[in-house]
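Subject: Handover of a structure and findings

Dear colleague,

Please find the structure below, handed over for your use. My findings follow it.

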Amino acid sequence: MNTEDVLAIFKECGAILEGHFILSSGLRSPVFLQKARVFMYPDKAEILCRALADKIRAEGYGNVTKVVSPAVGGIIPGYETARHLKLPALYTERVDGAFQLRRGFEIEKNEKVIVVEDIVSTGLSIRECIETLRNIGADVVAAACLIDRSAGEADVGVPLVSLTQFKVPAYPADNLPPELAALPAVKPGSRGLQ
């Protein structure tokens with residue numbers, strides 16, 4: 001799939017929003033990719049995640065034994081990508097502000113895993129997930145996402161496989177362009193709701 005194919009699915013689902021959005025990183029943006037609007041359609045999620053699984057294999061990371069995702073946003077794409085890789089899908093959850101594996105999920109020491117996320121802006125959730133996994137002895141060989149909003153600028157600490165890159169402007173709250181500052185800010189993401 002190319003960028004146009006991926007964005008066409010997001011557009012078809014009404015998942016490309018325009019306004020003034022507070023991203024989970026704290027940055028502000030005039031565009032928000034509301035992936036939940038895509039994930040509510042299993043056939044659309046399947047198309048995207050099958051393509052991501054194919055790209056993970058093509059880039060040489062098909063030898064992992066588990067897919068791990070940061071909750072909440074990464075659960076659906078992690079599961080669906082794992083299904084196409086024919087691997088178990090696990091996820092981390094925030095407990096007292098830090099990611100943990102719960103629900104009986106286990107990873108062996110030195111087990112090769114890949115972290116799968118929905119959309120990467122700064123890479124913070126992936127970095128936090130990787131730190132948790134490394135602390136329990138996992139060998140995190142790569143991370144993957146459907147859309148890299150940073151267009152390759154986010155450093156997640158391991159190679160990042162993205163289905164597509166889609167650079168969207170993002171600004172610190174104290175340095176907004178006038179047209180963005182004139183709009184009321186909305187926080188559509190899930191971080192900070194728990």
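Throughout this message, contact means heavy atoms within 4.5 Å. By that criterion, and leaving aside neighbours within four places in sequence, Ser162 is in contact with Lys55, Cys145, Leu146 and Asp148. Ser162 lies in strand S8; helices (H or I, at least four residues) and strands (E, at least two) are DSSP runs, numbered from the N terminus. With a relative accessible area of 8%, Ser162 is buried, where buried means under 20% relative accessible area, exposed over 50%, and partly exposed in between (1.4 Å probe, protein chains only).

Please note that this is a predicted model, in which local features need pLDDT of at least 70 and side-chain atom pairs count only at pLDDT 80 or more, while totals for chains, interfaces and linings use all residues. Residues are numbered from 1 along each chain as its sequence is written, and side-chain values use heavy atoms, with hydrogens and water left out.

Nonpolar cores

A nonpolar core is here a set of buried Ala, Val, Leu, Ile, Met, Phe, Trp, Tyr and Cys residues joined through side-chain atoms within 4.5 Å. The largest one has 30 residues, and Phe10, Val38, Leu48, Leu52, Ile56, Ile114 and Leu146 have the most contacts inside it. Two or more residues of this core come from each of helix H1 (3-12), H2, H3, helix H4 (75-85), S6, strand S7 (139-148) and strand S8 (160-165). H3 gives the largest share, 7 residues. Val38, leaving aside its neighbours within four places in sequence, is in contact with Ile9, Phe10, Cys13, Ala15, Lys44, Ala45 and Leu48. A second, separate core has 19 residues, including Val113, Ile130, Leu133 and Val140.

Hairpin and aromatic pairs

Strand S1 (residues 16-22) and strand S2 (residues 28-33) pair in the antiparallel sense over 5 bridges; two strands pair if DSSP finds at least two bridges between them. Leu17 has Phe32 as its bridge partner in S2. There are 5 residues between the strands of this hairpin, where Gly26 takes a positive phi near 95°.

The whole structure contains 2 aromatic pairs. Rings of Phe, Tyr and Trp (its six-membered ring) pair if their centres lie within 6.5 Å; planes under 30 degrees apart count as stacked, over 60 as edge-to-face and the rest as tilted. Phe21 and Phe32 form a tilted pair, because their ring centres are 5.7 Å apart and their planes are at 40°. Phe21 and Phe32 are both buried. The pair of Tyr91 and Phe105 is edge-to-face, at 5.2 Å centre to centre and 75° between the planes. Tyr91 is in strand S4 (residues 89-95) and Phe105 in the loop between strand S5 (98-101) and strand S6 (112-120), 14 residues apart. Phe105 counts as partly exposed, at 24% relative accessibility.

Annotated binding site

An unreviewed UniProt entry lists, for "binding site", Arg94, Glu117, Asp118, Ile119, Val120, Ser121, Thr122, Gly123, Leu124 and Ser125. UniProt positions are given in the numbering used here, feature names are shortened, and annotations may be inferred rather than shown by experiment. Val120 lies in strand S6 and is buried at 2% relative accessibility. Thr122 is placed in the loop between S6 and helix H5 (124-135) and is partly exposed, with a relative accessible area of 29%. Not counting residues up to four places away in sequence, Thr122 touches Ser25, Leu27, Arg127, Ala154 and Asp155.

Yours sincerely
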